[in-house]
Every structure is written in structure tokens, then in C-alpha cells.
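Here is a briefing on the structure shown below.

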Amino acid sequence: MILVVVGMSPIPFDRLVVEMDRIAGQLKEEVLIQTGPSKCSLTNAKTRRFLEMSEIEEAMKASAVVVSHAGMGTVLDARRLRKPIVILPRRKKLREALDNHQTSTADNLRGKSGIFVADSEHELSTLIERARNCTIENTDDSRKIQLISFLRELIDHD
Amino acid sequence: MTNLPRVSFCIPTLNSENTLDNCLRSIANQEYPDVEIVIVDGFSEDRTVGIARKYTDKIYFEKGKLGSARQTSIERSTGRILGLFDSDIVIPHKKWLINAVRFFNYGPRVGTVWPMYVAPIRARWTTRLYMNHYRLIVGNRISKRYGLFGGGNSLFLRSAFEEIGGVNRNIHWGEDFDWAMRLKDKGYQVVFINDPLYHDTMRTFRELVSKQFIGAEAFAGTRFKTMDIPIADVLYEQIVLGIKGMARGICLERDPSWLLFPIYLIAKMLAYSWTSLIETSAGRRDSRVFEQQLTTSPHGIQGKRDDVGEEKPKTIGLACSNGGHLTSMMQLSEAWRGRDVFVVTYSGPRKPTSLGRVYYIDEIMINPIRLVTGAMNILRILAEEKPSVVISTGAEIALPALTLSKLVGAKTVFVESISRSRDLSLTGKLLLGKVDHFLVQWPELKSKYGNEVEYRGRLL
């Protein structure tokens, strides 16, 4: 299964949704698209407007690859569940977001094990196949532990 | 008529050509035998001094703080009664002064005769809104028998001012509050008269908003809490009375200036949470702790003292919107494992699991009213939970959540999104310097924002 996520933004992200529906027509496996406020009519994939956190978690566990906008929530979830993820950043110019912070997120994530950045929707199908066959290296958690310990100390100290 | 005391109108000016002529003419027109006008000008670059010369020879120059200019004007004046006025006051009728002066005979300790102020007839919306709301607040304080403070634009006994040592020369804003409080401490009384003066202040929206911040800042130290008005009543005056006034003003009085009220209220609440209320509630909290110690310590009732010391660990508050910011928050949950935690987030299709007690509020950035009601809800939650630390990972819900958290004395932490590696988010920019810990997830940002941000690791 492939899970497609566009996040909680009130702005639709049709570029990702439409292309993934097209790809779903060529694939044998199930594709579940969380569409958000998109109004496009989709024919091939299973769709849901929004998914509860627990549903996202279940769907992600069942997926071979996650495809998503470059939102940190989904990336962090995929990372935690050790699922390969393909991200397509929302662009301000195409009126998919209020600013270009997703592009900079994508740039920061580029090259990390298990994360594939698509610069346009046309790269998605290639990257999905690459992601499917990749092995995810153990992640370096030291910076996360550092952040958590700082907060922990701050909380306990008070 | 002859044994009426001399009244000295002491007026500081600075580029006041728009209002000064009307102000001085209305003073000169008073049917009163002995009036003196003293001007202390801060080196105006417009026609201010020329206008002043038409009415008085007593013009002095001084560059510096408002409190200092006022004190100079008092020292240069000779009257037994001081009219400490601003240059944007107009006295509406000729018998105002003779009426007002009589009220000094009301009691032996009357030091101040304090009039009501209203907006001039052709005032701007902002002026009218400010004065309309002000009138409601004063009325409320009178009906609840709170002490009234005669601030600026009132009449004072010179002897009272001499007893308190004059105006504090080091205060620029809130200098009137300072002397009013010192008069109160000496046991002087205020007579409030409902014979209004025109006060043509707050002529632009910008001024109206910025004065809220300046005012809150000025009261932040000690002034506000010594008014002896509970916070609940201050909020009542600002919010409930304001909204009632708005309904009444728009529907019955047909005064469109009230349409500006929601924005004015938001500015005011932001100003309060930023400055004065923070100090006030912290002051309150401290004094309560102090009282507890005081009542338990003298005879060494050991058990009770321990009760005070062994409070149960305090609650941790988390505030974030319901998308990726929530996911980021959950990734940090190791930091507060084992502690009592509550979450404030937006109601929506996605709900946090495994975080703790959850409070849902409506999204706040839809319209100004939502922002106010959202902020009020957050304030209520915070007052109930009394967290010791409040952490937010964004987005804009962090603005009300973290600023209001200071009200309840909580330590505030903002964790900027990991997606921000080159620039802060808008929320982040607005919170910069307003939280106890501002954590960024990319060390590069430190070179741009300096010591106001901290890098302590990142989620990935």
C-alpha cells in the first residue's frame, strides 16, 4: 500500500493529489490519499479528507512507501516508523502555501536516508520505486535526545 | 469673587500647534479673576511658542521627560491651585473653573478636583471610542466604590504637591499616576466632578494602539496593582463593559466609533498580557506565598510549613495547532513523561493521542472576535491548570498561549519549527524576546537572531 498525505493545511495541494491518483491507476497496490480540501475528482485511489492521528499511524505501518507534502509532521512520523518517504514541497508561486518554507524543509532533508525529495510531480513515480527498494540506515538520534534532555531539565528544574 | 485663589495652568508642550490655541483660548476665556498660564516647551519646531505668546509671558524651555517638564512648570508658577493640563484639553464653558475650584471646600483633605473627559464635538472615531470606553470604566469604578485617582488634566492644591515633593522628574509616561498615588498615600482625597473637559487625544489609530502598550508598560512596575482593583475587574471593565458599550453605542447611540472596539480590545489585551498584568499577577502570587509563610512561621508550627514546601509537582502546559506542530510536540513527549500534562490545541479532524488532558479551542486566526474568544478560553484554561512551564511548537496559537502563560507565572518555551532553517516563522518573529526560552532547531539561525534564540538540538 502507498499512503499519500497533504497535511492539515486549508489550502489544497492538487498537484500531488492528481498525480498520485494517476500513478495509482498504473499500480497494482492500494493507494490511500488524504486529500485535504482538494476538490478534484479522483478515480483510481481511495480517498479521505482527513485522517485521525491513529489512522495515519496504522496506514503508515501498512504502507511500503509514504508520499507527502514537505510537512514536518508526516516526515517525523515516517521517520519514527522507519518508512521511506517521498516528499513534494508546496510552492508559494503555485498558491499551494503561504510561503516557501516547505522548499527549505525539503532542502534540509535532501540526502537523508529514507527521504526522497521530488522537485516536481513528474519525479514522483520514479522516486516511489527508488524508495520502495531502499534500506533505511539507523538514524542519528543524538540531536533529538539533546533537545529532549534540555526540555526535561527545564521542566524538572522548575 | 476677590478671595478666590490664583489658578496656575501648567502645560507642557511639544509641537502642539494643532491643539494649543483652542486649549489656551478656553483657559483665557474663563470667568475667573486670577488665572496664570505657564508653558514649558520641549523646543517645538512648529508654531507652538508663537501661539503660547499670545496668552502668556511665562514660557520656559526644557528638553527631557514629561515629568520633569511638569515639575518645572509647577516651580515657575505661583497659584495656590495648579491646573496640570495637557495641551490638547479644551474647557467647554466659561464657568467651568469657578465651579470646579469650589470643590476644594468639600473636605479638609481634598487635594484633587478631577473632572470627567469627553471627546470634542468633531473628534475622530479613535478619540470618541477611547473616551466612550473611558467614561464607562470611570462610571464602573465609582459605582463599585473603588478609590479614584486624579491623574493629569485635573486641579490640585499646591500645598499637597509640596507635601509629596512634586512630580517625579524621571518619569515620562504615567507620571500622573505616580503623583496621584503619592497623594493618596498622604491621605489626600479626590473629588470627581461630572463637568467634563474636552480631551482631543488619541487622534490616530496608531496612537490609540501604541498608547495602550506605552500605558501598560508604564504601569508594569508597581502602579497598576496599587490601584487595588482585582484583575477580574480590570478584565470586566475592558471586555464586558466594552462589549456592552459597543452594543449600546452602535444600536442605540448610533456612534460608529464603537465599530473599532474589537481591534482596540485586542491591542489592549496584547499590551496587558505583554506588560502590566504579568507583573501584577506575579506580584500577587508572591504576596500570597509570603502571607502563608508569615502565618505559619512565628510559632514554628513545623507541619504547616512543610505543607507549604511540599506542593505537588506542577502541571506542564503544551499548546500547538493540530497539524505537523502537534506531531513535533508528540516527538518531544519524553521530556515530560511522568508529569501531569495538558494540551491546548485546535478542534479539528485530528486529535492528539497519548499526550494528556486535551482542551480544544476554535482556530483563532479566522477573525478578530475568534482571536479574543480564543484568548479568553486559553486564559481560563491556564488559570484553572496553573502550569509551571508552558511549551509551544507553534503555530500562531503560541501567541496567545505563551503571552497569557506569563499571567499565571509560568515559564514559557517556544520551539521554532524544524522547517525554519533560514528565517523564523511570523509567530516566531512576534514572540522573539517575549518568551523565557526561544529554541531554534538550526544553529545557523543564531547568527541571524543572536542571543535571543537558543539552539539545543533538533528533532531530526
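In E13(B), B:Val413 is the bridge partner of B:Ile391. The two strands involved, E12(B) and E13 (residues 411-415) of chain B, run parallel and are joined by 4 bridges. From E12(B) the chain passes through helix H15 (residues 398-405) of chain B to E13(B), a right-handed β-α-β crossover. Right-handed means that, with the strands pointing away from the viewer, the path from the first strand over the helix to the second runs clockwise. Helices (H or I, at least four residues) and strands (E, at least two) are DSSP runs, numbered from the N terminus. Two strands pair if DSSP finds at least two bridges between them.

This is a predicted model, in which local features need pLDDT of at least 70 and side-chain atom pairs count only at pLDDT 80 or more, while totals for chains, interfaces and linings use all residues. Residues are numbered from 1 along each chain as its sequence is written, chains are lettered from A and ligands numbered from 1 in the order in which they are written, and side-chain values use heavy atoms, with hydrogens and water left out.

**Parallel sheet of chain B**

- Seven strands make an open sheet with parallel pairing, in the order E11-E10-E9-E12-E13-E14-E15 (chain B).
- Strand E11 (357-361) and strand E15 (454-455) of chain B are at the edges; each has a single partner strand, so one side of each lacks a neighbour in the sheet.
- Strand E12 (residues 389-394) of chain B has 6 of its 6 residues buried, so the rest of the structure largely encloses it.
- Buried means under 20% relative accessible area, exposed over 50%, and partly exposed in between (1.4 Å probe, protein chains only).
- E12(B) also pairs with strand E9 (residues 316-320) of chain B, in the parallel sense, over 5 bridges.
- Here B:Cys320 stands opposite B:Gly394 in E12(B).
- E9(B) is joined by 4 bridges to strand E10 (residues 341-346) of chain B, and these two run parallel.
- The bridge partner of B:Leu318 in E10(B) is B:Val343.

**Mixed sheet of chain B**

- Another open sheet has 8 strands in the order E3-E2-E1-E4-E7-E6-E8-E5 (chain B), and its pairing is mixed.
- Its edges are strand E3 (59-61) and E5 of chain B; each has a single partner strand, so one side of each is left without a neighbour in the sheet.
- E5(B) and strand E8 (residues 189-199) of chain B run antiparallel, joined by 2 bridges.
- B:His199 in E8(B) stands opposite B:Ile89.

**Aromatic rings and charges**

- Over all chains, the whole structure holds 13 aromatic pairs.
- Rings of Phe, Tyr and Trp (its six-membered ring) pair if their centres lie within 6.5 Å; planes under 30 degrees apart count as stacked, over 60 as edge-to-face and the rest as tilted.
- B:Phe85 and B:Trp96 form an edge-to-face pair, because their ring centres are 6.4 Å apart and their planes are at 75°.
- B:Phe85 lies in the loop between strand E4 (81-84) and strand E5 (89-90) of chain B, and B:Trp96 in helix H4 (residues 96-102) of chain B, 11 residues apart.
- Both B:Phe85 and B:Trp96 are buried.
- With B:Phe9, they make a cluster linked by ring pairs.
- B:Arg109 places its charged end over the ring of B:Tyr188, 4.0 Å from the ring centre.
- The charged end of B:Arg458 sits over the ring of B:Trp442, 3.8 Å from its centre.
- A charge sits over a ring if NZ of Lys or CZ of Arg is within 6 Å of the ring centre and within 35 degrees of the ring normal.

**Helix H2 of chain A**

- Helix H2 (residues 53-62) of chain A has the buried residues A:Met53, A:Ile56, A:Ala59 and A:Met60.
- Seen down the axis of H2(A), these fall within an arc of 125°, so they line one face of the helix.
- The arc is that of the directions from the helix axis to the C-beta atoms.
- Exposed residues A:Glu58 and A:Lys61 are on the face of H2(A) turned away from its buried side.
- The cover over the buried residues of H2(A) includes helix H3 (72-80) of chain A and helix H13 (324-331) of chain B, with contact meaning heavy atoms within 4.5 Å.

**Chain totals**

- Chain B has 17 helices and 15 strands, and 55% of its 460 residues count as buried.
- Chain A has 6 helices and 6 strands, and 50% of its 158 residues count as buried.
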